[in-house]
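Hi everyone, thanks for making time. I'd like to walk you through one model today, so please have a look at it first.

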Amino acid sequence: MEAYRRHRIIPLHTLFFFLSVLGVACQVSAQEEESDGFGTFGGSLLITSDYMFRSISNSNLRPAVQGDFNWSHEGGLYAGLWASNTDFGGVGNSMEIDPYVGFSRDIGESDFNFDIGYWSYNYPGSKSNLDYGEVYTYLNYSKGKFSASPSVWWTHNYFGKDFLDGVSALAYEVTFGYEICPGLTPSLRVGEQTFGSGYDNLEFTYWDIGVDYTIDDWSLGLRWYDTDGIDPFLANPNLADGEVVFGVTRSF
(Lines give C-alpha, C1' and ligand atoms only; values in the text may rest on other atoms or scores of the structure.)
Protein backbone atom coordinates (compact mmCIF):
# COMPACT_ATOMS: atom_id res chain seq x y z
CA MET A 1 0.00 0.00 0.00
CA GLU A 2 2.78 2.46 0.90
CA ALA A 3 4.56 1.92 -2.42
CA TYR A 4 1.28 2.44 -4.25
CA ARG A 5 0.64 5.72 -2.45
CA ARG A 6 4.12 7.10 -3.07
CA HIS A 7 3.72 6.76 -6.84
CA ARG A 8 0.32 8.44 -7.13
CA ILE A 9 0.41 11.82 -8.83
CA ILE A 10 -2.05 14.71 -8.89
CA PRO A 11 -3.97 14.96 -12.22
CA LEU A 12 -2.50 17.65 -14.51
CA HIS A 13 -5.85 19.37 -15.09
CA THR A 14 -6.23 19.78 -11.32
CA LEU A 15 -2.74 21.23 -10.97
CA PHE A 16 -3.31 23.66 -13.87
CA PHE A 17 -6.55 24.81 -12.25
CA PHE A 18 -4.82 25.72 -9.01
CA LEU A 19 -1.93 27.42 -10.77
CA SER A 20 -4.50 29.57 -12.60
CA VAL A 21 -6.18 30.47 -9.31
CA LEU A 22 -2.77 31.24 -7.86
CA GLY A 23 -1.98 33.60 -10.72
CA VAL A 24 -5.22 35.52 -10.26
CA ALA A 25 -4.59 35.77 -6.51
CA CYS A 26 -1.15 37.27 -7.12
CA GLN A 27 -2.54 39.89 -9.52
CA VAL A 28 -5.28 40.89 -7.09
CA SER A 29 -2.81 41.10 -4.21
CA ALA A 30 -0.72 43.57 -6.20
CA GLN A 31 -3.79 45.84 -6.46
CA GLU A 32 -4.72 45.45 -2.80
CA GLU A 33 -3.72 48.96 -1.73
CA GLU A 34 -5.83 50.54 -4.47
CA SER A 35 -8.98 48.62 -3.43
CA ASP A 36 -8.56 48.95 0.35
CA GLY A 37 -11.82 50.90 0.75
CA PHE A 38 -13.72 48.10 -0.94
CA GLY A 39 -11.98 45.44 1.09
CA THR A 40 -8.91 43.29 0.64
CA PHE A 41 -8.22 40.13 -1.32
CA GLY A 42 -6.03 37.25 -0.26
CA GLY A 43 -5.43 33.60 -0.82
CA SER A 44 -3.34 30.55 -0.13
CA LEU A 45 -2.07 27.42 -1.83
CA LEU A 46 -1.56 24.19 0.11
CA ILE A 47 0.20 21.02 -1.00
CA THR A 48 -0.58 18.19 1.43
CA SER A 49 0.11 14.47 1.62
CA ASP A 50 -3.63 13.80 2.19
CA TYR A 51 -6.88 15.78 2.20
CA MET A 52 -8.36 15.20 5.65
CA PHE A 53 -11.91 16.24 6.58
CA ARG A 54 -12.79 15.58 10.21
CA SER A 55 -10.00 13.00 10.24
CA ILE A 56 -11.35 11.13 7.20
CA SER A 57 -9.30 11.01 4.00
CA ASN A 58 -11.20 12.71 1.18
CA SER A 59 -8.48 12.05 -1.38
CA ASN A 60 -8.33 8.27 -0.94
CA LEU A 61 -5.06 8.42 1.04
CA ARG A 62 -3.35 10.39 -1.74
CA PRO A 63 -1.80 13.87 -2.00
CA ALA A 64 -3.92 16.94 -2.63
CA VAL A 65 -3.46 20.50 -3.87
CA GLN A 66 -5.82 23.00 -2.27
CA GLY A 67 -6.40 26.65 -3.06
CA ASP A 68 -8.30 29.42 -1.33
CA PHE A 69 -9.18 32.83 -2.78
CA ASN A 70 -11.02 35.25 -0.51
CA TRP A 71 -12.23 38.80 0.05
CA SER A 72 -12.74 40.49 3.40
CA HIS A 73 -13.97 43.87 4.58
CA GLU A 74 -12.92 45.69 7.72
CA GLY A 75 -16.59 45.73 8.74
CA GLY A 76 -16.41 41.95 9.25
CA LEU A 77 -17.98 40.55 6.08
CA TYR A 78 -15.97 38.04 4.05
CA ALA A 79 -16.46 35.61 1.17
CA GLY A 80 -14.29 33.16 -0.70
CA LEU A 81 -13.82 30.12 -2.87
CA TRP A 82 -11.95 27.03 -1.69
CA ALA A 83 -11.07 24.08 -3.94
CA SER A 84 -9.23 20.77 -3.83
CA ASN A 85 -8.73 17.62 -5.83
CA THR A 86 -10.66 14.81 -4.17
CA ASP A 87 -11.55 11.15 -4.48
CA PHE A 88 -14.55 11.18 -2.17
CA GLY A 89 -17.38 12.77 -4.14
CA GLY A 90 -18.76 9.73 -5.93
CA VAL A 91 -17.98 8.01 -9.24
CA GLY A 92 -16.55 10.36 -11.86
CA ASN A 93 -15.61 13.13 -9.44
CA SER A 94 -12.07 14.40 -8.98
CA MET A 95 -12.62 17.89 -7.58
CA GLU A 96 -14.39 19.74 -4.78
CA ILE A 97 -15.27 23.43 -5.15
CA ASP A 98 -16.62 25.24 -2.08
CA PRO A 99 -17.85 28.83 -2.03
CA TYR A 100 -18.37 30.33 1.43
CA VAL A 101 -19.53 33.57 3.05
CA GLY A 102 -19.45 34.80 6.62
CA PHE A 103 -19.22 37.59 9.16
CA SER A 104 -16.58 37.96 11.88
CA ARG A 105 -16.09 40.63 14.55
CA ASP A 106 -14.27 41.17 17.82
CA ILE A 107 -16.50 41.25 20.90
CA GLY A 108 -15.93 44.70 22.34
CA GLU A 109 -12.53 45.13 23.95
CA SER A 110 -12.39 41.52 25.12
CA ASP A 111 -10.13 38.69 23.98
CA PHE A 112 -13.06 37.06 22.16
CA ASN A 113 -14.07 37.06 18.52
CA PHE A 114 -17.10 35.46 16.88
CA ASP A 115 -17.44 34.12 13.34
CA ILE A 116 -20.64 32.91 11.69
CA GLY A 117 -21.06 31.79 8.09
CA TYR A 118 -22.16 29.30 5.47
CA TRP A 119 -19.96 26.77 3.64
CA SER A 120 -21.18 25.01 0.48
CA TYR A 121 -19.62 21.65 -0.54
CA ASN A 122 -19.83 20.88 -4.27
CA TYR A 123 -18.59 17.92 -6.34
CA PRO A 124 -19.11 19.00 -9.97
CA GLY A 125 -17.89 15.79 -11.63
CA SER A 126 -19.82 13.33 -9.49
CA LYS A 127 -22.57 11.18 -11.01
CA SER A 128 -24.31 11.32 -7.63
CA ASN A 129 -25.89 14.35 -5.99
CA LEU A 130 -23.68 14.81 -2.93
CA ASP A 131 -23.68 18.62 -2.76
CA TYR A 132 -24.72 20.14 0.56
CA GLY A 133 -24.02 23.11 2.83
CA GLU A 134 -23.26 23.75 6.49
CA VAL A 135 -23.94 26.73 8.73
CA TYR A 136 -21.05 27.30 11.15
CA THR A 137 -20.36 29.37 14.26
CA TYR A 138 -17.00 29.97 15.96
CA LEU A 139 -16.18 31.63 19.27
CA ASN A 140 -12.47 32.41 19.21
CA TYR A 141 -10.44 33.26 22.31
CA SER A 142 -6.84 34.50 22.21
CA LYS A 143 -4.75 35.60 25.17
CA GLY A 144 -1.02 35.99 24.83
CA LYS A 145 0.33 32.81 23.25
CA PHE A 146 -2.76 30.72 24.00
CA SER A 147 -5.83 30.33 21.79
CA ALA A 148 -9.05 28.31 21.93
CA SER A 149 -11.72 28.05 19.22
CA PRO A 150 -14.89 26.05 19.85
CA SER A 151 -17.16 25.72 16.80
CA VAL A 152 -20.44 24.16 15.66
CA TRP A 153 -21.34 23.05 12.09
CA TRP A 154 -24.92 22.12 11.15
CA THR A 155 -26.57 20.85 7.97
CA HIS A 156 -30.11 19.71 7.23
CA ASN A 157 -29.04 17.23 4.51
CA TYR A 158 -25.68 15.55 5.16
CA PHE A 159 -23.72 14.87 1.96
CA GLY A 160 -26.64 15.51 -0.36
CA LYS A 161 -29.68 13.67 -1.67
CA ASP A 162 -27.84 10.52 -2.78
CA PHE A 163 -26.15 9.74 0.55
CA LEU A 164 -28.27 10.51 3.62
CA ASP A 165 -31.18 12.35 2.07
CA GLY A 166 -33.02 14.47 4.61
CA VAL A 167 -30.76 13.50 7.51
CA SER A 168 -29.50 16.44 9.57
CA ALA A 169 -26.05 16.44 11.12
CA LEU A 170 -24.25 18.47 13.77
CA ALA A 171 -20.48 18.56 14.22
CA TYR A 172 -18.98 20.33 17.20
CA GLU A 173 -15.31 20.68 17.94
CA VAL A 174 -12.73 22.73 19.80
CA THR A 175 -9.17 23.63 18.84
CA PHE A 176 -6.46 24.63 21.32
CA GLY A 177 -3.15 26.21 20.33
CA TYR A 178 -0.09 27.60 22.09
CA GLU A 179 2.79 29.45 20.43
CA ILE A 180 5.83 28.08 22.23
CA CYS A 181 8.20 30.36 20.30
CA PRO A 182 7.80 32.82 17.39
CA GLY A 183 6.16 31.00 14.48
CA LEU A 184 6.01 27.57 16.16
CA THR A 185 2.51 26.58 17.34
CA PRO A 186 1.43 23.11 18.50
CA SER A 187 -2.34 22.59 18.46
CA LEU A 188 -4.97 20.00 19.30
CA ARG A 189 -8.48 19.62 17.86
CA VAL A 190 -11.18 17.29 19.18
CA GLY A 191 -14.66 16.99 17.70
CA GLU A 192 -17.72 14.80 17.29
CA GLN A 193 -19.90 14.25 14.24
CA THR A 194 -23.50 13.54 15.22
CA PHE A 195 -26.61 12.75 13.16
CA GLY A 196 -30.38 13.06 13.41
CA SER A 197 -32.62 10.54 15.11
CA GLY A 198 -32.27 6.97 13.88
CA TYR A 199 -28.67 7.31 12.70
CA ASP A 200 -26.83 7.21 16.01
CA ASN A 201 -24.74 4.26 14.80
CA LEU A 202 -22.99 6.57 12.32
CA GLU A 203 -21.72 9.04 14.92
CA PHE A 204 -18.00 9.26 15.55
CA THR A 205 -15.38 11.23 17.45
CA TYR A 206 -12.39 12.68 15.61
CA TRP A 207 -9.20 14.43 16.61
CA ASP A 208 -5.89 15.66 15.29
CA ILE A 209 -2.74 16.92 16.95
CA GLY A 210 0.32 18.49 15.43
CA VAL A 211 2.50 21.53 14.97
CA ASP A 212 2.72 24.38 12.47
CA TYR A 213 5.77 26.49 11.78
CA THR A 214 5.21 29.83 10.02
CA ILE A 215 7.83 32.12 8.58
CA ASP A 216 6.79 35.10 6.49
CA ASP A 217 4.16 33.81 4.01
CA TRP A 218 5.11 30.14 4.33
CA SER A 219 3.80 27.55 6.76
CA LEU A 220 4.82 23.94 7.36
CA GLY A 221 2.43 21.59 9.13
CA LEU A 222 2.79 18.07 10.53
CA ARG A 223 -0.30 16.43 12.09
CA TRP A 224 -1.69 13.11 13.28
CA TYR A 225 -5.37 12.45 12.43
CA ASP A 226 -7.56 9.70 13.86
CA THR A 227 -11.13 8.69 14.80
CA ASP A 228 -12.72 6.29 17.27
CA GLY A 229 -13.85 4.01 14.42
CA ILE A 230 -16.59 4.57 11.83
CA ASP A 231 -16.97 1.19 10.11
CA PRO A 232 -20.72 1.55 9.30
CA PHE A 233 -20.11 4.96 7.74
CA LEU A 234 -17.59 4.25 4.97
CA ALA A 235 -17.23 1.65 2.25
CA ASN A 236 -13.49 1.75 2.94
CA PRO A 237 -12.87 2.05 6.72
CA ASN A 238 -9.14 2.57 6.06
CA LEU A 239 -9.94 6.17 5.11
CA ALA A 240 -10.46 6.89 8.82
CA ASP A 241 -7.43 5.04 10.15
CA GLY A 242 -4.82 7.05 12.02
CA GLU A 243 -2.45 8.87 9.68
CA VAL A 244 0.41 11.37 9.74
CA VAL A 245 -0.13 14.21 7.24
CA PHE A 246 2.43 16.80 6.09
CA GLY A 247 1.56 20.04 4.31
CA VAL A 248 3.19 23.19 2.93
CA THR A 249 1.15 26.40 2.63
CA ARG A 250 1.96 29.64 0.79
CA SER A 251 -0.23 32.62 1.69
CA PHE A 252 -0.73 35.75 -0.40
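Among contacts in the protein chain with a separation of 6 or more, 49% are between residues 24 or more positions apart. Contact here means heavy atoms within 4.5 Å. Before I go on, a word on where this comes from: it is a predicted model, where local features need pLDDT of at least 70, side-chain atom pairs count only at pLDDT 80 or more, and totals for chains, interfaces and linings use all residues. Residues are numbered from 1 along each chain as its sequence is written, and side-chain values use heavy atoms, with hydrogens and water left out.

The protein chain has two helices and 14 strands. Those are DSSP runs, numbered from the N terminus: helices are H or I with at least four residues, strands are E with at least two. Of the 252 residues, 39% are buried, and buried means under 20% relative accessible area, with exposed over 50% and partly exposed in between, using a 1.4 Å probe and protein chains only. The chain exposes about 13400 Å², and carbon and sulfur atoms supply 60% of that. Those areas come from the Shrake-Rupley method with a 1.4 Å probe; for residues, only the protein chains shown count as cover.

Now, some strand pairing. Strand β11, residues 184–195, pairs with β12, residues 204–215, in the antiparallel sense over ten bridges. Two strands pair if DSSP finds at least two bridges between them. Leu184 has Tyr213 in β12 as its bridge partner. On to β13, residues 218–227: this strand runs antiparallel to β12, again joined by ten bridges, and its Tyr225 stands opposite Asp208. The hairpin of β12 and β13 has two residues between the strands, and Asp216 there takes a positive phi near 55°.

Staying with β11, this strand also holds Phe195. Is Phe195 buried or exposed? Phe195 is buried, at 8% relative accessible area. Not counting residues up to four places away in sequence, Phe195 touches several others, including Tyr158, Leu164, Leu202 and Phe233. His156 is 39 residues away from Phe195 in sequence, yet their C-alpha atoms are 9.8 Å apart.

Leaving aside neighbours within four places in sequence, its contacts include Arg54, Trp119, Tyr121 and Tyr138.

Let me turn to a loop. Asn60 is between β3 (56–57) and β4 (64–72), and Leu61 lies in that loop between β3 and β4 too. Neither residue is glycine, and both have positive phi: near 60° for Asn60 and near 65° for Leu61. Asn60 is partly exposed, at 24% relative accessibility, whereas Leu61 is buried at 12%.

The largest pocket has a volume of about 1900 Å³. Of its 48 lining residues, the closest to the centre are Leu46, Gln66, Trp82, Tyr138 and Arg189. For the method: on a 1 Å grid over the protein atoms alone, a cavity is a set of points where a 1.4 Å probe fits but cannot get out, while a pocket is an open set with protein on both sides within 12 Å along at least five of seven lines, and lining residues have an atom within 4 Å of a point. Grid points are joined across faces, edges and corners, and a volume is the space filled by probe spheres set on the points. Which strand gives the most to this lining? That is β14, residues 243–251, with six residues.
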